[in-house]
Structure formats: C-alpha cells, structure tokens
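Thanks for coming. I will go through one model this morning, and I will keep to what the coordinates give.

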Amino acid sequence: MTIPRFPAGKALNSLLALALALAFASPSMAEHTVNWNRLGLSAGQSYEINRLENEWRQTYSRIQPQIEKDREELRRLLNDPNANEQQVMMIQSRLHKNEEQLRNEATRVFMHKKKILNPQQKSKLQEMIRH
C-alpha cells in the first residue's frame, strides 16, 4: 500500500484550513428565525418568553467574550510555526466546551419557550421555522 505524499507546505496549509474551519464554525439555530410576537402570545406567555430571553442574554454575555478571545488566540497560535501544541489543544478544548455550553443553553431556552405555547401556537411556530 502506498501512502500519498504531499509537500509539507500543502499538508500544513490544509491542516491549518481545516483547524480554522472547525474552530470558527458557528451553528445556526432555528431561534434566529422566530418572531415570538407573531404567535399571538398572552401577557403571561410574553412575560415568560421575555424572562427566558433575558436568561439567554445573560449567559451569552458571560460566555461569548471568552469564545471570541479563544478564537483569536487559536488563530494566532495556528499561524505561529513555533506554537506549543499543548497550548493549542487546551485553547481549542476550552473553545469547544464554551461553544457547546452556548448551544446547549440556546436549545434549553428554545425548548422551554416552546413548552409555554398552546397547540395552535406550536403549529404556527413550526411553520415559521420551516420558512
């Protein structure tokens, strides 16, 4: 079996491109397409939706700055030919942990908002997400 060989520069560039793509990919959430006000919410539902959105904003405000800092540091290290591999892996691990925490919180908040809705509002929500 022959193992294909690539010039070191090409392999390094490909690895760097892959690492950067994985590190900086940001998932899209259905949450971004939902206008909750179009669901005909009651006053109680609106209050609860706003409470959940405030929770989300607080969590996001606490975690997102570290994500941005880690992305920048990771970008810098991946471009540094003398970067310490352990440091790169530690920052990448922290970055992924924080991104996962935000995704999980966004999903938790979305699911709690959905629980507040009546069956007709849930149907309308499904339509909004589809389009």
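Residues are numbered from 1 along each chain as its sequence is written, and side-chain values use heavy atoms, without hydrogens and water.

Mean pLDDT (the predictor's confidence in each residue, from 0 to 100) is 82, and 75% of residues reach 70 or more. Over residues 1–31 pLDDT stays under 50. Where pLDDT is low, the predicted coordinates should not be read in detail.

Now the cores, meaning sets of buried Ala, Val, Leu, Ile, Met, Phe, Trp, Tyr and Cys residues joined through side-chain atoms within 4.5 Å. Buried is under 20% relative accessible area, exposed over 50%, partly exposed in between, with a 1.4 Å probe and protein chains only. The largest core has nine residues, including Trp-36, Ile-49 and Phe-110. Apart from it lies another, of eight residues, among them Leu-77, Val-88, Ile-91 and Leu-95.

Last, Trp-56 and Tyr-60 form a tilted aromatic pair, 5.6 Å centre to centre with 45° between planes; ring centres must lie within 6.5 Å, using the six-membered ring for Trp, and planes under 30 degrees apart are stacked, over 60 edge-to-face, the rest tilted. The two are four residues apart in helix H2, so about one helical turn separates them. Trp-56 is partly exposed at 25%, as is Tyr-60 at 36%.

Note on methods. This is a predicted model: local features need pLDDT of at least 70, side-chain atom pairs count only at pLDDT 80 or more; totals for chains, interfaces and linings use all residues. Contact means heavy atoms within 4.5 Å.
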